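Q: I have a model open here and a few things to ask about it. Can we go through them one by one?

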Amino acid sequence: MSTTANYSEKIPNNVNLHEDRRLQRALESWQPNFLHWWQTMGPTLPTQDVYLRTAINVGRDGWAQFGHVAMPEYRWGIFLAERDPGRKVGFGEHKGEPVWDKVPGEYRAELQRLIVIQGDTEPASVEQQRNLGATAPSLYDLRNLFQVNVEEGRHLWAMVYLLHAYFGREGREEAEELLHRNSGSLDSPRILGAFNEETPDWLSFFMFTYFTDRDGKYQLGTLKESAFDPLSRTCEFMLKEEAHHMMVGTTGIDRIVQRTVEVMREHDTDEVAGLGAIPLPMIQKYLNFHYSVSLDLFGGDTSTNVANYYTAGLKGRWLEERRKDDHQLASDSIMVDALLEDAGSGEQSIGQTEVSALVGLNTDLRREYIADCQGGVKRWNRILEEGGVTGRLMLPHAAFNRKVGAFAGIEATPDGEQLPASEWQRRQGQWLPTDVDKTYVRSLMRPVHERGKIAAWIAPPRNGINGQPFDYDYVHLS
Ligand code: BYC
């Protein structure tokens with residue numbers, strides 16, 4: 001297989017699609033449905049063209065090409081990372097055996113489910129972000145939004161390729177369903193909770209790309225370990241694109257915090273709401289929301305699903321190779337979050353319990369994710385510190401605002417103190433964005449579509465894209 005994509009075909013690919021006419025025809029008949037979905041559910045702001053990067057090969061150097069592209073003509077393609085012919089299963093009961101080029105019959109249903117769930121999130125996020133172009137704070141940010149959108153579209157292609165190539169008629173039906181479910185739809189919602197939430201403003205967008213895209217990074221990292229080699233190779237390449245999405249989120253929040261600090265100092269006040277910046281407590285509430293719904297994306301703290309996925313070799317751990325254990329975990333244990341019941345009073349309290357390492361694998365992954373999220377908080381707090389501001393941001397406790405896992409049935413403050421439901425009802429507006437907060441943030445969202453200009457609530461970026469300056473003509477509007 002060559003690493004360079006073949007762009008002479010309708011669907012650019014590096015999987016020699018032309019050698020399998022049936023598959024090629026099936027994907028070519030899905031292509032207009034995808035384009036219809038993009039036109040009806042994708043970005044709403046009319047543009048002539050956007051300065052986008054397009055993947056042209058999967059090798060180490062120069063896999064991307066930058067240029068102005070009319071978005072509906074973006075070359076969404078199918079790219080798998082290079083095959084490692086000697087690759088062996090790295091964990092579970094098949095550890096040490098050669099990896100699989102086909103789907104073993106006994107794991108078909110589970111693999112299909114994992115691929116469908118992964119695939120479902122990609123178009124969901126495009127749907128959630130579809131109206132943001134109308135309020136972009138700069139052309140630079142607008143371009144980044146569209147870059148994220150086209151790449152999520154490509155990640156949908158990545159999963160649809162697997163469904164079509166390896167899962168027969170059922171796979172093709174699932175590929176159609178991926179275009180029929182819609183974010184927030186009452187009749188046919190997206191599968192996972194966070195992907196039915198709104199992304200109505202740019203503070204939410206940056207929080208989403210920081211916290212929710214980061215779940216994507218960790219889930220893709222575990223699927224990259226899969227014994228099903230085409231899934232592993234697909235995810236490996238998706239992770240390269242994902243890095244840009246992380247950058248957008250991290251630096252987006254950097255720049256909001258930076259601007260808030262500047263306005264606080266300029267006016268010598270914490271009350272920046274009337275001054276066009278976003279107050280720190282409001283940033284904290286948005287952070288609390290996006291972090292807690294993203295924690296839910298890791299599933300239950302204990303899960304027999306994940307134990308089975310691991311044992312079967314379908315889904316590994318984050319950086320599996322670096323783990324210093326037997327990669328089978330049959331006799332290991334792990335402490336996981338739990339509600340502990342007092343034998344006498346029957347009262348429940350927030351605590352931890354020991355379970356077998358296999359059923360605790362969602363916890364293992366969530367922990368890796370939490371440690372990574374701390375990195376963002378540290379860097380935003382550094383901006384606050386350097387700006388001479390005493391306030392700090394923090395990640396809320398794992399029990400705060402949870403709908404999945406051990407703490408789904410209780411309420412807790414961001415400090416992890418348990419609350420009766422009535423008190424939560426009364427006080428949740430202290431910790432989660434209220435209608436007033438959302439209205440204020442939305443009131444700031446006025447488009448700045450002029451070259452080199454930026455909205456007052458966010459600082460300009462340090463660097464442009466691909467060595468271009470901030471005032472580059474990243475987007476030509478229609
Ligand atoms: N919402 O056994 P449990 C991304 C369901 S993001 C609703 O604890 P399991 C991206 C669960 O399906 C990454 N339902 O869960 C980011 C199960 O249902 P069944 C997406 C939920 O299976 C930004 C039941 O509850 N990729 O790429 O251990 C932009 C019991 O659950 C939720 C993946 O997630 C929820 N939050 O783990 C663009 C990877 N959580 O089986 C893209 C593939 C759980 O009883 N998915 N449920 O009907 C998986 O690995 C697993 O399915 C999960 C759940 C980690 C999601």
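Q: Which helices each supply at least two residues of the shell around the ligand?
A: This is a predicted model. In it, α2 (108–128), α5 (202–223) and α8 (304–312) each supply at least two shell residues.

Q: And which one gives the most to that shell?
A: That is α2, with seven residues.

Q: OK, which residues come nearest to the ligand?
A: There are 29 residues around the ligand, and Arg 113, Gln 118, Gly 300, Ser 303 and Lys 315 come nearest.

Q: How much of the ligand's accessible area does the protein cover?
A: On its own the ligand has 1,100 Å² of accessible area, and the protein covers 80% of that.

Q: Where does the ligand sit?
A: In the largest pocket.

Q: How does the shell split by class?
A: The shell around the ligand has 12 polar, 10 nonpolar and seven charged residues.

Q: New topic, the whole chain. How many helices and strands?
A: The protein chain has 11 helices and seven strands. Its radius of gyration is 23 Å, close to the 23 Å that the globule rule gives for 478 residues, so the chain is as compact as a globular protein of that length.

Q: What does the C-alpha trace span along its principal axes?
A: About 70 × 65 × 40 Å.

Notes
Residues are numbered from 1 along each chain as its sequence is written. This is a predicted model: local features need pLDDT of at least 70, side-chain atom pairs count only at pLDDT 80 or more; totals for chains, interfaces and linings use all residues. Side-chain values use heavy atoms; hydrogens and water are left out. A residue is near a molecule or strand if one of its heavy atoms lies within 4 Å of it. Accessible areas come from the Shrake-Rupley method with a 1.4 Å probe; for residues, only the protein chains shown count as cover. On a 1 Å grid over the protein atoms alone, a cavity is a set of points where a 1.4 Å probe fits but cannot get out, and a pocket is an open set with protein on both sides within 12 Å along at least five of seven lines; lining residues have an atom within 4 Å of a point. A molecule sits in a cavity or pocket if more than half of its atoms lie within 2 Å of its grid points. Helices (H or I, at least four residues) and strands (E, at least two) are DSSP runs, numbered from the N terminus. Ala, Val, Leu, Ile, Met, Phe, Trp, Tyr, Cys and Pro count as nonpolar, Asp, Glu, Lys and Arg as charged, and the others, Gly among them, as polar. The radius of gyration is taken over C-alpha atoms; the globule rule is 2.2 Å times the number of residues to the power 0.38.
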